[in-house]
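Let's take a friendly tour of a protein model together. Have the sequence and the 3D view ready, and follow along one stop at a time.

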Amino acid sequence: MKKYFLYIFILSIASSCIPTKKLTYFQGEPTTKSELYKLNNEPYRLQVNDILSINIKAENPEIVALFKNSEGASGGGGNSGGGGNLYFNGYTVDRHGNIRIPYIGDLNVLGYTEKEVREKIESELSKFLKNVDAVFVTVKIGGINYTIMGEIGSPGVKNLAMNEVTIIDALANSGDVTIFGNRENVEVIRKTLDGVKKYKINLLEIDVFESENFYIQPNDIIYVAPLKQKTWGLGTTGLQTFTTVISVFTLGVTTYLLIKGF
């Protein structure tokens with residue numbers, strides 16, 4: 001009987017501990033490629049509630065002043081980046097897929113890339129200006145917004161003022177995965193023009209850098225699932241598990257002696 005309990009005790013400690021292999025990122029060696037290849041990183045296409053920073057410049061500022069967002073000192077956000085400033089000064093894609101530019105009016109941008117939106121604006125400006133080639137237009141997404149949940153150090157809605165954000169950037173900006181996070185099962189939930197899609201990313205393998213979903217997209221939801229050890233509640237190390245088991249055993253013995261005493 002003693003041996004039986006000893007086996008159970010050893011098994012519980014061994015199974016509850018989180019092995020280093022489950023915590024180590026980018027395991028393995030990079031694959032050597034004999035020829036050049038291109039990452040599958042298609043240009044992002046705008047969706048409802050995206051915010052754009054649009055800047056219109058010319059040698060004579062008065063020429064383009066009428067087309068600038070009156071609330072933005074540099075024409076809709078300029079180089080102010082993402083976050084709160086662009087919420088008030090940028091151009092938000094409404095539920096009909098339009099942005100509203102002074103004098104131009106509603107301009108549909110749903111499903112367009114940044115380059116295509118810039119070309120549309122230049123085309124609209126040509127209706128008002130004789131020499132549109134003298135006007136410089138820039139269009140940028142107001143940073144990358146994403147929501148991160150689960151076993152992460154700092155969950156919540158985040159914004160990174162970058163043109164491209166990798167899954168590594170997103171996790172690092174959110175306090176990294178906790179010790180109970182399942183690095184083999186990081187889910188990216190993405191709402192696209194074709195519907196909602198879900199992708200799984202394994203951060204333990206070096207091949208993650210070759211993944212089609214290594215770069216996240218605006219408004220992605222990232223979920224880090226918990227390891228099974230968390231539901232057991234025994235601890236993450238052998239010492240923690242030993243302490244927990246001893247505490248439970250001591251409580252059981254004490255309760256038994258008290259009942260027997262009565």
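Which residue's side chain is joined to the side chain of Asn202 by a polar contact of 3.4 Å? The partner is Glu205. Keep in mind as you look around that this is a predicted model.

## Around Asn202

To find Asn202, go to the loop between strand 10 and strand 11, the latter covering residues 215-216. Besides its link to Glu205, the side chain of Asn202 has a polar atom 3.0 Å from the backbone nitrogen of Leu204.

Leaving out residues up to four places away in sequence, Asn202 touches Arg183, Glu184 and Val208.

Next, look for Leu193, in the loop that links strand 9 (181-192) with strand 10 (195-201). Is Leu193 buried or exposed? Leu193 counts as exposed because its relative accessibility is 55%, and the cut-off for exposed is over 50%.

Together with Val48 and Leu110, Leu193 makes a nonpolar surface patch of about 230 Å².

Our last stop is an open sheet whose three strands come in the order 2-1-5, with antiparallel pairing. At its edges are strand 2 (91-92) and strand 5 (135-141), each of which pairs on one side only.

Now zoom in on strand 1, residues 51-58: two bridges join it to strand 2, and the two run antiparallel. You can pick out Leu52 there, whose bridge partner in strand 2 is Tyr91.

How values were computed
Residues are numbered from 1 along each chain as its sequence is written. This is a predicted model: local features need pLDDT of at least 70, side-chain atom pairs count only at pLDDT 80 or more; totals for chains, interfaces and linings use all residues. Side-chain values use heavy atoms; hydrogens and water are left out. Patches are made of residues with over 30% relative accessible area and no salt bridge: like charges are joined within 9 Å, nonpolar side chains (Val, Leu, Ile, Met, Phe, Trp, Tyr) within 5 Å. Accessible areas come from the Shrake-Rupley method with a 1.4 Å probe; for residues, only the protein chains shown count as cover. A salt bridge is a side-chain nitrogen of Lys or Arg within 4 Å of a carboxyl oxygen of Asp or Glu. Helices (H or I, at least four residues) and strands (E, at least two) are DSSP runs, numbered from the N terminus. Buried means under 20% relative accessible area, exposed over 50%, partly exposed in between (1.4 Å probe, protein chains only). A polar contact is a pair of N or O atoms within 3.5 Å; within protein, one must be able to donate a hydrogen and the other to accept it, and residues adjacent in sequence count only if both atoms are side-chain atoms. Contact means heavy atoms within 4.5 Å. Two strands pair if DSSP finds at least two bridges between them.
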